[in-house]
Amino acid sequence: MIKIIPGEWRDRYPRLIDDMHKLRRSVFHDRLRWQVTVINRWEIDGYDALNPLYVVALDEDERVIGGLRLLPTTGFNMLNDTFSELLPDGARFGSPLIWESSRFTVRITGDARVDAKVVSRTTAELLMALNEVGRAAALTHLVTVCDQAMYRLMSRCGLAGDLLSEPKLIGGVKTYALIYEYGEALDARIAKLACQTGLTIDPTVMSAMKMRLAS
Amino acid sequence: MHRDDFFDLIDQLSRANRIDVASDTLGRLLSDWGLHNSAYLGFNMPTPTAERPLLSATYSAEWQKHYAQKAYIDIDPIVRSGFGGILPVDWSEIDRSDPIVRKFFGEAQELDVGSQGLSLPMRGRHGEFALFTVTWKGLEPEWLKIKEALLRDLMLFAWNFHAVALRSCGVGLDEKKIRLPPREASCLRWKALGKTDEDIARILSISPHTVRFHLEAARSRLNTSNTTHTVAKALALGLINLSYEPTSLLQLRPD
């Protein structure tokens with residue numbers, strides 16, 4: 001199940017936010033050993049302070065098993081302000097119709113039999129949510145910065161996107177800047193992915209978005 | 001509206017430097033698209049003098065007066081839903097179980113704000129936040145179709161309107177490329193903190209003449225008329241910060 005949490009309403013979902021930051025720590029800090037800041041067992045950075053839109057994936061027991069965050073490129077974001085070396089010639093993104101996805105996470109248990117199914121399903125769910133949010137905000141493109149493992153995962157899903165520049169070694173991690181175009185081609189690929197993992201377009205995504213104003 | 005006409009409006013906005021000029025363009029958009037009202041609200045705009053939010057709205061004088069008298073800015077459910085967020089807010093999604101919220105929308109409807117509304121939150125690189133709203137008179141099923149057809153263009157229009165608002169505050173979006181050399185930034189920062197040229201000379205261990213040289217260089221870089229104006233613009237552009245001295249500058253100081 002997907003839940004969409006505007007950052008400014010984090011106080012309303014303290015457990016999910018706590019779970020999400022801890023999952024991010026276990027993935028980015030403990031397992032991938034990225035140079036990220038850990039405070040009180042949370043992986044958290046300055047972009048979290050900017051009230052991004054969080055998308056979290058939950059299992060049947062409502063535990064967070066995946067997530068990502070979205071920021072508009074008109075304000076501050078990772079590609080422009082942290083990974084600008086991945087942009088050609090000092091270019092920067094600043095469009096109301098382009099958002100950035102970052103901190104894409106899926107929980108891995110280490111048990112290959114469980115992971116094979118859950119990881120692909122959670123990834124598909126998060127990608128479907130990204131597509132739905134893009135539609136709700138009438139976006140034209142999505143940009144993201146990712147590592148090689150993520151890039152390979154996306155490529156396997158048929159969602160490699162377009163590289164903005166040659167991948168670069170940043171902080172010891174081979175780093176890719178990708179751009180995706182919203183529209184029919186992406187819809188079709190995500191629908192195919194959803195079908196393969198046994199998901200149908202999840203109506204709870206959009207109703208969760210509407211509910212955000214009610215709760 | 002024809003696509004070319006829409007991009008004509010965007011062109012007009014990109015040449016405008018004043019809210020009233022942008023509002024004329026907005027008026028054309030509203031009439032061409034059959035929309036009823038619009039409002040633009042800019043918070044934390046990058047001007048050292050304007051702590052108050054920047055507001056421009058086409059609502060009836062009665063509603064604007066009523067809104068001010070009741071201090072509705074403090075409880076406005078639309079602002080509360082949009083503030084700090086990034087997703088477009090359709091007014092029909094706002095929870096109305098609170099009687100205060102119901103009363104607000106009831107009075108708005110009575111004073112001809114419009115029955116449907118859409119508010120688009122925006123964020124820029126000066127720490128500012130803005131909300132661009134359009135309203136429409138009619139029933140929800142038709143509104144949903146109109147909204148879907150217009151949303152992307154509205155997002156573009158809203159962002160360009162916001163750019164005009166920034167320029168009206170003296171901030172050009174193209175000025176984000178300006179970089180102040182550390183010494184100039186340091187002198188301007190101490191100026192902003194009320195120090196005289198002599199004070200700054202002592203703090204930075206340079207001559208007052210050199211301080212004035214740096215201030216003049218910054219003035220010319222920012223294309224401003226005097227030091228006060230330069231300080232204001234540097235603050236607005238986020239080139240200097242009152243709360244801390246950039247660590248890169250500390251190394252320059254002799255012991």
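The model is predicted. In terms of contacts, 29 residues of chain A meet 21 residues of chain B.

The rule finds one salt bridge across the interface of chain A and chain B. This salt bridge joins the side chains of Asp81(A) and Arg125(B), at 2.5 Å from N to O. Between chain A and chain B, eight residue pairs are in polar contact, both residues being at pLDDT 80 or more. On the side of chain A that touches chain B, the elements giving two or more residues are S5, H2, H3 and H6 of chain A. Sorted by class, that side of chain A has the make-up shown in the table.

| Class, chain A side | Residues |
|---|---|
| Nonpolar | 17 residues |
| Polar | six residues |

Strand S5 of chain A spans residues 64-72 and includes Val64(A). Is Val64(A) buried or exposed? Val64(A) has a relative accessibility of 5%, and buried means under 20%, so Val64(A) counts as buried.

Which residues does Val64(A) touch, leaving out those up to four places away in sequence? The contacts are Leu16(A), Asp19(A), Met20(A), Leu23(A), Val56(A), Ala57(A), Leu58(A) and Arg107(A). Met1(A) lies 63 residues from Val64(A) in sequence, and the C-alpha to C-alpha distance between Met1(A) and Val64(A) is 9.5 Å.

Conventions
Residues are numbered from 1 along each chain as its sequence is written. Chains are lettered from A and ligands numbered from 1 in the order in which they are written. This is a predicted model: local features need pLDDT of at least 70, side-chain atom pairs count only at pLDDT 80 or more; totals for chains, interfaces and linings use all residues. Side-chain values use heavy atoms; hydrogens and water are left out. Helices (H or I, at least four residues) and strands (E, at least two) are DSSP runs, numbered from the N terminus. Buried means under 20% relative accessible area, exposed over 50%, partly exposed in between (1.4 Å probe, protein chains only). Contact means heavy atoms within 4.5 Å. A salt bridge is a side-chain nitrogen of Lys or Arg within 4 Å of a carboxyl oxygen of Asp or Glu. A polar contact is a pair of N or O atoms within 3.5 Å; within protein, one must be able to donate a hydrogen and the other to accept it, and residues adjacent in sequence count only if both atoms are side-chain atoms. Ala, Val, Leu, Ile, Met, Phe, Trp, Tyr, Cys and Pro count as nonpolar, Asp, Glu, Lys and Arg as charged, and the others, Gly among them, as polar.
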